[in-house]
Amino acid sequence: MRFSNRLEYCRQWRQIADKLVLIFKCLLAREYARACIQVLAGTCFSIRSGQGFLISDHFAETMNTVVGITGASGIVYGVRLLEELPPTKTVIASDDAQKIAKLELGISGKEIRELADFHYANDDMYSPLASGSVRFDSFVIAPCSTSTMSKIAAGISDNLITRIASVALKERRKLVLLLRETPLSTIHLSNMERLSQAGAIIMPASPAFYPRPRSVDEMVDFVVGRVLDELGVDNDLYARWKGVTPSTRSRGSRRTHR
Ligand SMILES: Cc1cc2nc3c(=O)[nH]c(=O)nc-3n(C[C@H](O)[C@H](O)[C@H](O)COP(=O)(O)O)c2cc1C
C-alpha cells in the first residue's frame, strides 16, 4: 500500500472512532440528564409529601386505592369500580382476569389498565406495592377468585395481588374481597372465616332485589356501590333502603307487587 493510501485509510478509521466516541458521549449525557431529572423530581415530591423516596410518592398524597382483578366471573365489577373510584387508583389484573375480560366484556388488559392512574403486572414483585413500607389506603380484589382468596388465607404471596393482600393484612390496612363463586365448598367457607378473623372484609358479589333492579347494570352498580361504601366513597350508584311506611307494607299476602 502506498503511503498516501495508508494515510487515507488511517484517516477513515479515525473518523469512525470519533463518531463512536460521540455516540458514547451522547448516550452518557442522556443517562446523566435522566438521572438529574429523577433526582430533581424526587426532591420536589419528597418536599411535598414529607416522604423519603420518590418511587412510592403517588401512594402518599390522595386517597390511594389499589384494585386487583382476578379470574373470576364478573370482571365488570372491577371495571365499574375503577370507573367510579376517585384518584389515586392503581390496578393489577391477573392473566386469567384479562382472558375472562375478553370473554365477558370484549375488552383487553390494556383497556382495563387505562381506567387507572397506575398499573402493575401481576408478576411484578419489584413493584413498590410489594413492600409494606409503601402506603395505600385500601386494597380491593374485584372480582376475587376462590383460588386467590384461598392463597391469601394460607399466607401465600406468589404474585403481586396475593402479596399486596398479605401486606394489607399484616399492616392492618383495609382489604376487601369481592368473591364470586357458587356454591361454596367447606374449604372456601373456612378460608373466608379465617380471612374475616384476620381483618379482611368478605363481600360476596350478591346484588339485592329490594331496589327492584331493571337491568344487569343496576345489579352490578348495587354491588359496586356497596364496595364504595366500604371504602368510604360517597356514591349514589344504588337506591338505598328508606324503610317501609305502613301504607306500603303488604298485609297477609307474601307476593311481591311491582
Ligand atoms: C370463564 C371462567 C370463569 C371463571 N369463573 C370463576 C369464578 O367465578 N370464581 C372462581 O373462583 N373461579 C373462576 N374461574 C377459575 C379461575 O379463573 C381459576 O381458578 C384461576 O386460576 C384464577 O386465577 P387468579 O385468581 O390468579 O386470577 C373461572 C375460570 C374461567 C375460565
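Of the 15 residues around the ligand, those that come nearest are Thr70, Gly71, Ala72, Ser94 and Thr146; a residue counts as near when its C-beta atom, placed from the backbone, lies within 6 Å of the molecule. The model is a predicted one, in which local features need pLDDT of at least 70 and side-chain atom pairs count only at pLDDT 80 or more, while totals for chains, interfaces and linings use all residues. Residue numbers start from 1 along each chain as its sequence is written.

Two helices, H3 (95–105) and H5 (146–153), each supply at least two residues of the shell around the ligand. H3 gives the most, with 4 residues. By residue class, the shell comprises 4 nonpolar, 8 polar and 3 charged residues; here Ala, Val, Leu, Ile, Met, Phe, Trp, Tyr, Cys and Pro count as nonpolar, Asp, Glu, Lys and Arg as charged, and the others, Gly among them, as polar.

The chain as a whole contains 8 helices and 6 strands, taken as DSSP runs numbered from the N terminus (helices: H or I, at least four residues; strands: E, at least two). Read from the N terminus, the order of elements is α-β-α-β-α-α-β-β-α-α-β-α-β-α. Of the 258 residues in the chain, 31% are buried; a residue is buried if 20 or more other C-beta atoms lie within 10 Å of its own, exposed if 12 or fewer, and partly exposed in between, with C-beta atoms placed from the backbone. Among contacts with a separation of 6 or more, 71% join residues 24 or more positions apart, a contact being a pair of residues whose C-beta atoms, placed from the backbone, lie within 7 Å.

Axes are lines fitted to C-alpha atoms, for helices over the stretch in contact, and angles run from 0 to 180 degrees between N-to-C directions. The crossing of H5 past H7 is left-handed, a term used if the near helix is turned anticlockwise from the far one by less than a right angle, with right-handed used if clockwise. On the H5 side the contact is made by Thr146, Met149, Ser150, Ile152 and Ala153, and on the H7 side by His188, Asn191, Arg194 and Leu195. These residues divide into 4 nonpolar, 4 polar and 1 charged.

Helix H2 (residues 75–84) is largely enclosed by the rest of the structure, because 8 of its 10 residues are buried. The buried residues are Ile75, Val76, Tyr77, Gly78, Val79, Arg80, Leu81 and Leu82. H2 packs with helix H8 (residues 216–231) at an angle of about 55 degrees, their axes 10 Å apart, so the two helices are oblique to each other. Their crossing is right-handed. Val76, Tyr77, Arg80, Leu81 and Glu84 of H2 meet Val220, Asp221, Val223, Val224, Val227 and Leu228 of H8. This contact has 8 nonpolar residues, no polar ones and 3 charged.

Arginine 163 counts as buried because it has 22 C-beta neighbours inside 10 Å. Not counting residues up to four places away in sequence, arginine 163 touches Met125, Ala130 and Ser157. Its C-alpha atom is separated by 9.8 Å from that of lysine 151, 12 residues apart along the chain.

Some backbone details remain. Most residues other than glycine have a negative phi, and most peptide bonds are trans. A cis peptide bond joins proline 87 and threonine 88, with omega about 5 degrees; threonine 88 is in the loop between H2 and strand E2 (89–93). Another cis bond joins alanine 142 and proline 143, with omega about -5 degrees, and proline 143 belongs to strand E4 (residues 138–144).

Arginine 172, in the loop between H6 and strand E5 (174–179), has a positive phi near 60 degrees. Arginine 172 is exposed, with 9 other C-beta atoms within 10 Å. Arginine 212, in the loop between strand E6 (201–204) and H8, has a positive phi of about 50 degrees. With 10 C-beta neighbours inside 10 Å, arginine 212 also counts as exposed.

Key. Two residues are in contact if their C-beta atoms, placed from the backbone, lie within 7 Å. Angles under 35 degrees count as roughly parallel, over 145 as roughly antiparallel, 65 to 115 as roughly perpendicular and the rest as oblique.
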